[in-house]
Amino acid sequence: MSFTFQIPDRAVMKGPNFIRKVFERGAGIPGFISFGIGNPASEAIPVEQIQEAFDHVVHTNPIEILQYGPMAGDAHLAEQTVERLVKVRHMPTKGQQILISIGAGQDLGLVPRTLCEPGDEVFMDAYSFTSGINAVRNVGAEAVGIAMDDFGMIPEALEEAAKKGKGKYIYLIPNFQNPTGITMPLERRKAIYAIAAKYNLFIYEDDPYGEIRFTDTIVPTFKEMDTDNRVIYAGSYSKTLSAGLRVGFLYGPKQAIDAIQALKNNQDGQMPLVTQRVISRLLDVIDYDAQIKKVSTVYKEKADLMMATLRAHGSDKVHFVEPTGGMFLWLTMPDGVDCDAFFEACMEHKVGIVPGAAFAADGVPAGQSFRFSFTFPSKEQIVQGMSIVGELTKTFIK
């Protein structure tokens, strides 16, 4: 008799994984151009400085970094991170705690595992980051998509959902949102914060792209205006230094962060100390602001090129959100266009794009939109790929 078993529903990712579908279908196809993968640009990674940092860390105290590290993470890196959050991002210090994590991605799992009970609701943008959606579902909570407009989550729609009293937190990517590229204006942030206070909700502010800006305009973070100490802020060094080193952090109310840290200790254990020390060394010796400026310049050039190519070759009936930072372009086709067929046509022409359905929270229709990442492809690939996409929009839009 063979062993049979049933995997719990909460442990199984629900919904189509179009990002994986695009990757798998494009793998091994000569000349395939993918705008689906959200990887940082290779040319923006400070390779030589990272090599030097590794050399310094390995030769300074090799035995220490080859042993288990502290559960709370490297203390110096934590100090450096908090100093920047306070001095540069103007965040509060009273009653706050920091947690060093394996990228900001680990935090997406840690927060719902700590805060949510089965049946709780987590409010998020109608189109949101796939890992944020699935992490909520996988603990038995419900991801509730809240309607959006050109400024992000609509406060009135959020309040209507919150009235049921089942909410635990609001998950937001307010800067250069993934997937839409929208940056939420200050007045909208204030309105959402007021609703969180009214209905006793945490705000989980996921901000991995927050400093990768194409303009000088800076909108205060939710954490900066956190008068009630209800905001848990997540950041990362993946988008500014190196994704492969996998170093991120949570910063927020001490009671909540301590609970998240305890769960992490019991279930996930320590992070690799060597990668934390490399990041810490980089922050000690390089001009981090100049590095962020370099990343921002590279990404702006690619974003501008993607939009210019689309304007030159595409239908004027296509709408897209012009990003002011971050990594993504959100393109919307007119109603009536067969977007499934458009997706397949792009794939047949060796161009990978991601349908909006990949980012749709529960109860949200797939819609007419697609996400394009402009960071990882080369400029030549952007011109070639977006020329194809543009010509296809003319074919499909009558």
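Guide: The model is a predicted one. The part to look at is Thr221, which is found in the loop between β8 (202-206) and β9 (231-236). Its relative accessible area is 2%, and buried means under 20%, so Thr221 counts as buried. A polar atom of the Thr221 side chain lies 2.9 Å from the backbone nitrogen of Glu224. Apart from neighbours within four places in sequence, Thr221 is in contact with Arg89, Met91, Arg189, Glu205, Asp207 and Tyr233.

Now the helices. Helix α5 (residues 103-115) packs against helix α9 (residues 254-267) at an angle of about 110 degrees, and their axes are 9 Å apart. Angles of 65 to 115 degrees count as roughly perpendicular, and α5 and α9 are therefore described that way. On the α5 side the contact is made by Gln106, Leu110, Val111, Arg113 and Thr114, which meet Ala259, Ile260, Leu263, Lys264 and Gln267 in α9. By class, this contact of α5 with α9 has five nonpolar, three polar and two charged residues.

Helix α11 has 26 residues (residues 288-313). At 1.5 Å a residue α11 should span 38 Å, and its end C-alpha atoms are 38 Å apart, so the two values agree. At the start of α11, a side-chain oxygen of Asp287 comes to within 3.2 Å of the backbone nitrogen of Asp289.

Notes
Residues are numbered from 1 along each chain as its sequence is written. This is a predicted model: local features need pLDDT of at least 70, side-chain atom pairs count only at pLDDT 80 or more; totals for chains, interfaces and linings use all residues. Side-chain values use heavy atoms; hydrogens and water are left out. Helices (H or I, at least four residues) and strands (E, at least two) are DSSP runs, numbered from the N terminus. The expected span of a helix is 1.5 Å times one less than its number of residues. A polar contact is a pair of N or O atoms within 3.5 Å; within protein, one must be able to donate a hydrogen and the other to accept it, and residues adjacent in sequence count only if both atoms are side-chain atoms. Axes are lines fitted to C-alpha atoms, for helices over the stretch in contact, and angles run from 0 to 180 degrees between N-to-C directions. Angles under 35 degrees count as roughly parallel, over 145 as roughly antiparallel, 65 to 115 as roughly perpendicular and the rest as oblique. Contact means heavy atoms within 4.5 Å. Ala, Val, Leu, Ile, Met, Phe, Trp, Tyr, Cys and Pro count as nonpolar, Asp, Glu, Lys and Arg as charged, and the others, Gly among them, as polar. Buried means under 20% relative accessible area, exposed over 50%, partly exposed in between (1.4 Å probe, protein chains only).
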